[in-house]
Amino acid sequence: MELILVNLIDGLVTGLLLFMLSAGLTLIFSMMGVLNFAHASFYMLGAYFGYQISLALGFWGALLVAPVIVGIAGAGVERYGLRRVHQYGHVPELIFTFGLALLIEELVQFIWGKNQMPFNGPEVLNFTAFAIAGNSIPAYKIFMIFISISIFMGLLYILTKTRVGMIIQAALSYPRTVEALGHNVPLIFMGVFGVGTALAGVAGVIAGPVLGTFPGMAFVLGSIVFVTIVIGGLGSLWGALVASLLIGWITTFAKSYNVEMEAVLNGIGIATPDDLSENLFRDFWALTSPQIADILPYILMVLILIFRPQGLFGKRQS
Amino acid sequence: MSDQITTDPSKPAQRMRAGSMTLTLGPWIVAAILLAALPFIFTSNSGLTIMNQMWITVVFALAYNMLLGQGGMLSFGHAVYAGVGGFACMHIMNASDFFASMPLPLLPIFGGLFGMGLALIVGAFSTRSAGTVFAMISLGVGELIAACSVIIVAFFGGEEGISGDRGEALPFFGLNFWSQIEVYYLTAFWVFISAVLMYLWSRTPVGRMANAVRDNPERAEFLGYSSRWVRFYSFVASGFFAGVAGGLFAINYEILTEENLNAASSGVILLVTFLGGVGFFFGPILGAIVFTLVQTVLSLETELWAFYAGSLFVATVMFFPGGLAGLIMMHVPPLRLGKLGVLTVPYIKTLIPAAIGILGLCSLVEMTFHYRHAATGDHEMTLFWTTFDSHTILPWIIAGAVTLIGLGIARTTAPALKEAWNDANTAGGKR
């Protein structure tokens, strides 16, 4: 029982971190209809900028300044890159963001090198918040949960309750009408892209100290973020939240409980073959859940795409 | 975007030609002679290795372009089909009785069949729609199989991969394929056959329908074609040729690892194909040749070659979405008008300063890299055959000045080039 509680908290941290990335990505998708492959690269930039700034201003300064810089960089990419490629169609846009992801990884290696950066969290949060049956929960994790939830609340409030949010929502569905009403739609798009990447930047700053700040960090999380928003339904904020939490919990539980394939198969009535060492499916029989924890989201995504292509909460069929 | 054949309905001969499987013989004969003659020009072993790698990439890139260029399907996991074909070939190589009774040159067929088999399974559900959903499924399946390669050790060999020995095959007209040159001709033979087959495929009705479905699936449906099945056929054919490329890889390198399956390889083939140009049949061939040269030659010169390749790729997507092939074919209209000469002087005036400016920029990048990452105390670096101290101010001033002057001249002469370009594309007028 206590282990379940600890895993619930760990899964929540992973899920909410994923959500901070997927929220920005899904907003950008519903706006421009293109999946931003470089989204996780902005997360990585957030971590690296955060590290560099924390050397001068400390962690809290970095948490404030780094996302702003990342957001400005993102807005610049939209203004001078994506808007230009947009005229060629969706596939070149996708290819452009893919190339950008490659380029940002090379750029980070060029500036900071290939090694992991010693990016540490703030001293203030360096204590144990509470312990559950001997498993201590660091305060930093609680802080991460707190930050992500407040960002989600803020985003939801801005999008549904304020005037700016109304205009954004209208611009997502009827850009031409909104433009005819006198709003600057390209500017709105640029702003949303900037805010989305800035959110990724926040995620980078707070994940950098825990998950490590290294050039491969975008690649590790990048494809999982796609999987998340595809499962949740492209363009749906609630879908992104549900899918993020789902993936966070599935991977955490699969890693901490060692379920063996042999036990599962025996449980549903298939007997173990006598001579496993020569059997063609020997690796299949030896599978354990920690082994496949990292590929479970992909399996889930392929299944979702086959049986419910619009995702869990998606409305449209692209 | 594509090499569309424009036909004049009033001329029956031309109308026939558009649908029939004609093959302009000239370029193919030249290609065959080049393939056969190149080993006599580049006789060194490293030259042969680079060429083998190049031709394998050519087959793979052409297979990839069957999807991206001709079918409009963007795949982020195509390395999987080549990889699985290669792994299957490796297993056939290790199966002693079967392999010993079969000549080696037949092996790529089996690679192709296994690639096609996997494409049949995946295509059954992934080709239902094009665009983003297809791209996402291809990414998911790609990641899935790449991750499986570490888990399913029996087939993929885990971390260290699977290796074999190509020399165990039945000798083929007295050839054992022990030396590099014999492997070269085997590869060249398969490259030629695959390229011809893929070209002919693009001329068949199903190849033509793939173009139609790419451009306007709704209209193709109204004509009575199922866009899903058209996509499926393209996908399966592409899987076959990707598998052939994997089989050639297995013969050439005699080892396959997880690296042949992962997302990075899939990304590289996308890069190669797009760089070459997706709109023309010869684009991916060009891309594969240029990219392999850049990879092998540039990576000897600088650690930052991936950075340059990435910059080149992004620049291509932004400014020349037709790729290298598109850039070359842009010059066909001026050539037809006989006004290519108009462009020569403006090109020299703009492109040479621009090239010098870009080289200056590259040296600034290299110097920054050296300044930041060289071992402490190591101040000496060599760039463009000159050795200097990267911690003094003089080289920085020179490189900066070269960059500014080069790009500055290119900027001032660019309007003249644009004017000349417009003039070259207009019929009549001054020569």
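Reader: How much of chain A counts as buried?
Author: In this predicted model, 43% of the 318 residues of chain A are buried. Buried means 20 or more other C-beta atoms within 10 Å of the residue's own, exposed means 12 or fewer, and partly exposed is in between, with C-beta atoms placed from the backbone.

Reader: How many helices and strands in chain A?
Author: Chain A has 13 helices and two strands. Those are DSSP runs numbered from the N terminus: H or I of at least four residues for helices, E of at least two for strands.

Reader: Ground rules, before we go on?
Author: Residues are numbered from 1 along each chain as its sequence is written, and chains are lettered from A and ligands numbered from 1 in the order in which they are written. As this is a predicted model, local features need pLDDT of at least 70 and side-chain atom pairs count only at pLDDT 80 or more, while totals for chains, interfaces and linings use all residues.

Reader: OK, the interface. How many residues does each chain put into the contact?
Author: Chain B gives 34 residues and chain A gives 39. Two residues are in contact if their C-beta atoms, placed from the backbone, lie within 7 Å.

Reader: Which element gives the largest share on the chain B side?
Author: H7(B), with 13 residues. By class, the side of chain B that touches chain A has 25 nonpolar, eight polar and one charged residues. Here Ala, Val, Leu, Ile, Met, Phe, Trp, Tyr, Cys and Pro count as nonpolar, Asp, Glu, Lys and Arg as charged, and the others, Gly among them, as polar.

Reader: And what ipTM does the predictor give the complex?
Author: The ipTM is 0.80, and the pTM is 0.85.

Reader: Where is confidence lowest in chain B?
Author: In helix H1 (residues 12-19) of chain B, at a mean of 45, while helix H12 (residues 227-253) of chain B is highest at 92. pLDDT is the predictor's confidence in each residue, from 0 to 100. Chain B has a mean pLDDT of 82, with 92% of its residues at 70 or more. Residues 1-9 of chain B stay under 50. Where pLDDT is low, the predicted coordinates should not be read in detail.

Reader: Switching topic: is Leu62(B) buried or exposed?
Author: Leu62(B) is buried, because 30 other C-beta atoms lie within 10 Å. Leu62(B) sits in helix H3 (residues 45-71) of chain B. Beyond its neighbours within four places in sequence, Leu62(B) has contacts that include Ser194(B), Phe241(B) and Ile285(B).

Reader: What about Arg219(B), buried or exposed?
Author: Arg219(B) is exposed, because it has 12 other C-beta atoms within 10 Å. Arg219(B) belongs to helix H11 (residues 217-222) of chain B.

Reader: Last one: how do E3 and E4 of chain B pair?
Author: Strand E3 (residues 380-383) of chain B and strand E4 (residues 386-389) of chain B pair in the antiparallel sense over four bridges. Pairing requires DSSP to find at least two bridges between the strands. Glu380(B) has Asp389(B) as its bridge partner in E4(B).
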